[in-house]
Amino acid sequence: MEDSIGFFDIFWSIFWLFLMVAWFWVAISVVADIFRSKDMSGISKAIWIAFVILIPWAGVLGYLIIRGDKMKEHNEAAVAQMQAAQKDYIRSVATVSPAEEIEKLAALKEKGALTEEEFAAQKAKILNP
């Protein structure tokens with residue numbers, strides 16, 4: 001009898017690999033949420049971690065059933081915090097001070113690219129946003 005690997009064997013292996021990766025993803029997400037939960041005491045965190053490590057399937061499923069809503073809230077708060085930090089960073093990098101803008105306008109006026117009226121209008125826009 002010949003030992004060959006068929007399509008079903010490959011498909012079955014890929015399926016189990018997917019399940020294993022998904023399991024690790026969920027387990028790591030649960031452990032991370034346990035550690036970042038500010039509404040749990042250290043003792044309750046230790047109990048959850050012990051439950052997840054000693055009885056992994058029951059621990060993870062129990063955590064998802066009992067604290068799944070809190071896990072969602074923690075994820076939403078983390079995303080909102082990251083978005084706020086990103087917006088603050090973009091503002092700090094992209095913001096040009098009014099003095100710098102007026103200096104650029106003055107340079108354009110000296111070169112003759114702007115008239116006195118255009119310079120005054122642009123300066124008013126900068127100073128009165």
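**Stop 1: His-74**

Select His-74, which counts as buried at 16% relative accessibility; buried means under 20% relative accessible area, exposed over 50%, and partly exposed in between, with a 1.4 Å probe and protein chains only. The model is predicted, so local features need pLDDT of at least 70 and side-chain atom pairs count only at pLDDT 80 or more, while totals for chains, interfaces and linings use all residues. Residues are numbered from 1 along each chain as its sequence is written, and side-chain values use heavy atoms, with hydrogens and water left out.

His-74 lies in helix H3. Helices here are DSSP runs of H or I with at least four residues, and strands are runs of E with at least two, numbered from the N terminus. Now show the side chain of Asp-33: a polar contact of 2.7 Å joins it to the side chain of His-74. A polar contact is a pair of N or O atoms within 3.5 Å; within protein, one must be able to donate a hydrogen and the other to accept it, and residues adjacent in sequence count only if both atoms are side-chain atoms.

Which residues does His-74 touch, not counting those up to four places away in sequence? They are Asp-33, Arg-36, Ser-37, Asp-39 and Arg-67, where contact means heavy atoms within 4.5 Å.

**Stop 2: Asp-39 and its partners**

Keep Asp-39 and Arg-67 selected. They form a salt bridge, with the closest N and O atoms 3.1 Å apart; a salt bridge is a side-chain nitrogen of Lys or Arg within 4 Å of a carboxyl oxygen of Asp or Glu. The pair links distant parts of the chain, 28 residues apart: Asp-39 is in the loop between helix H1 (7–36) and helix H2 (42–54), and Arg-67 is in helix H3 (residues 56–94). Asp-39 is partly exposed at 42% relative accessibility, whereas Arg-67 is buried at 10%.

Lys-70 is partly exposed, with a relative accessible area of 30%.

**Stop 3: Ser-44**

Move to Ser-44 in helix H2. Ser-44 is partly exposed, with a relative accessible area of 21%. Its C-alpha atom is separated by 9.1 Å from that of Ile-34, ten residues apart along the chain.

**Stop 4: H4 against H5**

Select residues 98–111 (H4) and 116–127 (H5), which pack at an angle of about 175° with their axes 10 Å apart. That makes H4 roughly antiparallel to H5. The contact includes Ile-102 and Leu-105 of H4 and Phe-119 and Ile-126 of H5, among others.

Lys-109 and Glu-116 are also in this contact, and their side chains meet in a salt bridge of 3.0 Å, N to O. Glu-116 is partly exposed at 46%, as is Lys-109 at 29%. For the terms at this stop, axes are lines fitted to C-alpha atoms, for helices over the stretch in contact, and angles run from 0 to 180 degrees between N-to-C directions. Angles under 35 degrees count as roughly parallel, over 145 as roughly antiparallel, 65 to 115 as roughly perpendicular and the rest as oblique.
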